[in-house]
Structures are given as C-alpha cells and as structure tokens.
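Look at the sequence and the model together before reading on. Keep both at hand while working through the headings.

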Amino acid sequence: MAVLAVLSTGPGADAAARPGSGPGPGVPAGSDRPALDPLDLALVRGEAVFEALRTYGGRPFRLDAHLERLAASARAIDLPLPGGLEDLAARAVAAAGGGDLVLRIICTKGREDARPGSAEGGPVAFAICTDIPASFEQERRRGLRLVLLTTATDPLLRAAAPWLLAGVKTISYATNMAAQRAARSRGADDAILVGLGGELLEAPTATLWWRAGHTLHTPSLDLGILAGITRATLVDLAPTLGLKVLEGVYTAADLAAADEAFLSSSTRELMPVVEVDGAPIADGHPGPTTADLQSALRHLATTSPAPHPGVA
C-alpha cells in the first residue's frame with residue numbers, strides 16, 4: 001500500500017510527505033522532527049480515534065457521516081478534536097493528486113502533561129491518503145472464506161458498559177488484527193466475531209450481512225458493534241432493489257441457511273462471503289444480490305455531489 005500524502009495539524013502541518021520527496025510519512029521534508037510526539041497518548045496508551053473512507057474521483061464519500069462518527073468516538077474517550085478536519089482532508093486528497101484513494105483521518109489525544117487549551121503537546125490530527133489495494137477486486141471476484149471466532153463476552157452486557165468502548169472506533173485494533181491472523185492461520189480470509197452465547201457480531205473491520213429470500217439480515221447495533229457508514233448506506237439502498245432489512249440477534253445457524261452473504265466496509269465496499277467454517281454459503285459462489293448492491297453503492301458514490309465546498 002503506497003502512501004500518497006500525509007498532512008497534520010501538528011509540527012510540519014503544511015508539509016505533504018510523498019514517496020521519494022522527503023524523509024518519510026509523518027516527517028516534514030527537510031526536518032528530522034516527527035509530526036507525532038513520542039509521548040503522545042496515542043503511542044503511550046492507544047488513546048486516539050480514526051476514520052477510514054474512500055474517495056471517488058477525488059471526492060470523499062459520506063465524509064460528513066464519518067466526521068460525525070469520529071466526533072462520537074472522540075467524546076467517548078474525552079478527546080477534544082482539532083478544528084478544520086474537512087479542510088485537512090481536502091488538502092490531503094489534493095496533495096495525493098485526487099482520484100480513487102483510501103483517506104484516513106486520525107486524531108490523537110496529545111501528551112498527558114499538555115496544558116488545557118494549549119496547542120503545544122495537545123491533540124493532533126492526521127489525514128493520510130493511500131492507494132486502494134488491487135487485492136480488493138480480486139477478493140470480490142472470488143469471495144471470502146470466513147471462520148467464527150468467539151469474543152468470550154456477553155455482547156449486551158458489554159454494550160451497557162461504556163468504559164469498554166463498544167462500538168467506538170479507536171486505534172486500539174490489536175485484538176481485531178489478532179482475530180484476522182487467527183483466521184488466516186486456519187486457511188480463511190477473515191473472521192466473524194461471535195458473543196459468548198453464539199451471537200453473530202461483526203468482522204474485525206467490517207459489517208456482516210446475509211440474504212434470505214428478499215430480506216437482508218444484519219446484527220443489531222444494540223450488540224455493541226460498530227455503526228458502519230456503509231451499513232447505513234445499504235439500509236437506504238436495499239428498498240430500491242426490492243429488499244427488506246432486518247436487524248436482530250442471530251446465530252451461526254441463521255447464517256448457514258442464507259442464500260448469500262457478504263461483508264461491508266467503507267474501504268472495501270461489499271465483499272461476498274462464500275464459506276464459513278469450511279461450509280459453503282448456498283452454492284459457494286458470490287451471490288447476485290451482493291453484486292447488485294455493490295453496483296448500486298458504487299453508482300451512488302461516484303455520482304454524489306461534493307459534500308463540502310472545500311472538498312474537491
């Protein structure tokens with residue numbers, strides 16, 4: 001994954017780092033001072049929040065919704081967001097040359113000893129643009145093989161304990177990445193996380209869906225899973241394709257009986273699921289409704305107007 005541009009509200013805020021044009025991402029050209037303080041709580045304790053989304057033709061899709069979710073995550077960890085995030089995103093996309101990209105916005109908490117209201121050592125925001133991995137389209141064509149992995153927790157109890165940060169998008173993704181590695185060690189592409197009672201939850205970086213007849217099913221947000229931006233978009237798109245959406249508490253038996261299944265995320269869009277725990281979903285091939293929804297999502301994303309005058 002090539003880093004195309006990095007912009008920051010911290011030291012070197014006006015510098016864009018590009019491959020071959022400077023000392024590296026996060027380090028302003030001509031400087032050895034990192035844009036992120038080594039004592040920033042993002043590094044020391046993982047206290048930072050982020051959003052990742054796609055740009056289509058240089059236009060970030062659903063940027064407003066992502067920034068709203070970023071603000072909600074920031075409130076959950078008492079992180080005062082720096083201002084000007086839309087402008088920061090626009091400048092990063094422009095520095096990367098526009099086009100189809102992955103845009104990440106990361107906001108860190110700053111140093112523990114920072115004075116309240118002081119810019120020195122306080123919260124820092126980064127906007128990072130990278131290319132879209134070619135593997136996404138390859139995976140979409142063949143479909144994903146998944147395995148079920150337990151979280152060993154009661155999801156309803158977890159969702160009722162705000163200090164556990166259920167559904168909050170922090171950078172503390174070590175557990176999510178460990179789940180993906182565990183899935184790959186079992187010969188799968190990704191995982192589906194399940195609760196202590198077998199409740200289907202989500203993939204480590206995506207929302208789980210399946211179709212039975214003319215109904216799309218997805219786990220309820222009451223289970224403490226992430227409120228996906230693409231998830232919300234599909235809830236709106238489904239009726240245009242004659243589909244009903246049901247959110248609820250489901251188990252592996254419900255998924256096994258599906259006519260087709262898929263994952264959704266802002267960066268990967270829709271990914272068909274063809275196998276779970278070694279058993280095929282339906283005929284073991286990507287389903288037609290997944291393809292129709294993917295086309296509808298891509299059409300919406302590529303024809304939507306620019307969300308903000310400052311965003312190309």
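## Basis of the report

This is a predicted model, in which local features need pLDDT of at least 70 and side-chain atom pairs count only at pLDDT 80 or more, while totals for chains, interfaces and linings use all residues. Residues are numbered from 1 along each chain as its sequence is written, and side-chain values use heavy atoms, with hydrogens and water left out.

## The whole chain

The protein has nine helices and 14 strands. Helices (H or I, at least four residues) and strands (E, at least two) are DSSP runs, numbered from the N terminus.

Of the 312 residues, 48% are buried. Buried means under 20% relative accessible area, exposed means over 50%, and partly exposed lies in between (1.4 Å probe, protein chains only). A contact means heavy atoms within 4.5 Å. Among contacts with a separation of 6 or more, 72% are between residues 24 or more positions apart.

## Two helices that cross

Two packed helices are described by the angle between their axes and the distance between the axes. The axes of α7 (residues 229-237) and α9 (288-303) come within 11 Å and cross at roughly 105 degrees. Here, axes are lines fitted to C-alpha atoms, for helices over the stretch in contact, and angles run from 0 to 180 degrees between N-to-C directions. Angles under 35 degrees count as roughly parallel, over 145 as roughly antiparallel, 65 to 115 as roughly perpendicular and the rest as oblique. α7 and α9 are therefore roughly perpendicular to each other.

On the α7 side, the contact is made by Thr230, Thr233, Leu234 and Leu237, and on the α9 side by Leu293, Ala296, Leu297 and Leu300. An α-helix has 3.6 residues a turn, so residues three or four places apart point the same way. The contact of α7 with α9 has six nonpolar residues, two polar and no charged. In this count, Ala, Val, Leu, Ile, Met, Phe, Trp, Tyr, Cys and Pro are nonpolar, Asp, Glu, Lys and Arg are charged, and the others, Gly among them, are polar.

## Helix α3 and its cover

Which residues of helix α3 (residues 85-95) are buried? They are Leu85, Leu88, Ala89, Ala90, Ala92, Val93 and Ala95. The elements that cover them include β1 (3-8), β2, α2 (63-76), β4 (101-108) and β5 (124-130). Just after α3, Gly97 takes a positive phi of about 90 degrees.

## Aromatic pairs

A pair of aromatic rings is described by the distance of the centres and the angle of the planes. Rings of Phe, Tyr and Trp (its six-membered ring) pair if their centres lie within 6.5 Å; planes under 30 degrees apart count as stacked, over 60 as edge-to-face and the rest as tilted. By this rule there are four aromatic pairs.

One of them joins Phe50 and Tyr173 edge-to-face, at 5.3 Å centre to centre and 80 degrees between the planes. This pair links distant parts of the chain, 123 residues apart: Phe50 is in strand β2 (residues 48-56), and Tyr173 is in the loop between α5 (155-159) and α6 (174-185). Phe50 is buried at 13% relative accessible area, and Tyr173 is buried at 19%. Tyr56 and Phe61 form an edge-to-face pair as well, with 6.1 Å centre to centre and 90 degrees between the planes. Both Tyr56 and Phe61 are buried.

## Cysteines and a buried threonine

How many disulfides does the structure hold? The number is zero, where a disulfide is a pair of cysteine sulfur atoms within 2.5 Å. Cys107 is buried, with a relative accessible area of 0%, and Cys129 is buried with 0%.

Thr267 sits in the loop between β12 (260-265) and β13. At 17% relative accessibility, Thr267 is buried. Leaving aside residues up to four places away in sequence, Thr267 touches Ala52, Leu53, Arg54, Val102 and Phe136.

## Two loop residues with positive phi

Most residues other than glycine have a negative phi, and most peptide bonds are trans. Asp277 has a positive phi of about 55 degrees although it is not a glycine. Asp277 lies in the loop between β13 (269-276) and β14 (279-280) and is partly exposed at 45% relative accessible area.

Ala282, which is not a glycine, has a positive phi of about 55 degrees. Ala282 is in the loop between β14 and α9, and with 44% relative accessibility Ala282 is partly exposed.
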